[in-house]
Amino acid sequence: MGIRKGLCLAAALWGIFLLAGCTSDADVFNEQGLALYRQGSYAEAVNSFDQAIRTDNQNPEYHVNKGMACLEMGDYENAHSCFDLALRLNGKYQAAYRGNGIAYMEAGSYDEAMNSFNTALACESGRASEAEYDILLYR
């Protein structure tokens, strides 16, 4: 096969890949960050989430994931910033309120934590949520 035909085939396959709803670069960075997070490599996870955010800064999930990694490192200020950015993108994003609640609890701001958890619960759609489990855990 000639180089030209090979390039055309590669371009066609890439087009099919994109049309099929396969992951974007941002999703790949996010998945890398999640894998690093699960391994306990929180600083590296933050770097991957930053790459996802640079690629697509309109996805609140990437900001929340970065915030959760910041929480694990005890960086509550940056965690709150990440959760607040996610909430600016989607004011009903339950995971961002949940993250803020955890950050407030860890910092000893219990009234703010309960407000965040209550707001998270109000955003939930009737099934047991991670926020409900968190509230039980932190009681």
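In this predicted model, Asn 65 touches Asn 30, Leu 34 and Phe 49, leaving aside residues up to four places away in sequence. Asn 65 itself belongs to helix H4, which spans residues 60-72. Its relative accessibility is 13%, so Asn 65 counts as buried, the cut-off for that class being under 20%.

Two packed helices are described by the angle between their axes and the distance between the axes. For helix H2 (residues 25-38) and helix H3 (residues 42-55), the angle is about 165° and the axes are 8 Å apart. Angles over 145 degrees count as roughly antiparallel, and H2 and H3 are therefore roughly antiparallel to each other. The crossing of these two helices is left-handed.

On the H2 side, the residues that meet H3 are Asp 25, Ala 26, Phe 29, Asn 30, Gln 32, Gly 33, Leu 34, Leu 36 and Tyr 37. Facing them from H3 are Tyr 42, Glu 44, Ala 45, Ser 48, Phe 49, Gln 51, Ala 52 and Thr 55. Sorted by class, this contact comprises 9 nonpolar, 6 polar and 2 charged residues.

The model holds 1 aromatic pair. It is formed by Tyr 37 and Tyr 42, whose rings sit edge-to-face, 5.3 Å centre to centre and with 70° between the planes. Tyr 37 counts as partly exposed, at 21% relative accessibility, and Tyr 42 likewise counts as partly exposed, at 23%.

Terms used
Residues are numbered from 1 along each chain as its sequence is written. This is a predicted model: local features need pLDDT of at least 70, side-chain atom pairs count only at pLDDT 80 or more; totals for chains, interfaces and linings use all residues. Side-chain values use heavy atoms; hydrogens and water are left out. Rings of Phe, Tyr and Trp (its six-membered ring) pair if their centres lie within 6.5 Å; planes under 30 degrees apart count as stacked, over 60 as edge-to-face and the rest as tilted. Buried means under 20% relative accessible area, exposed over 50%, partly exposed in between (1.4 Å probe, protein chains only). Axes are lines fitted to C-alpha atoms, for helices over the stretch in contact, and angles run from 0 to 180 degrees between N-to-C directions. Helices (H or I, at least four residues) and strands (E, at least two) are DSSP runs, numbered from the N terminus. Angles under 35 degrees count as roughly parallel, over 145 as roughly antiparallel, 65 to 115 as roughly perpendicular and the rest as oblique. A crossing is left-handed if the near helix is turned anticlockwise from the far one by less than a right angle, and right-handed if clockwise. Contact means heavy atoms within 4.5 Å. Ala, Val, Leu, Ile, Met, Phe, Trp, Tyr, Cys and Pro count as nonpolar, Asp, Glu, Lys and Arg as charged, and the others, Gly among them, as polar.
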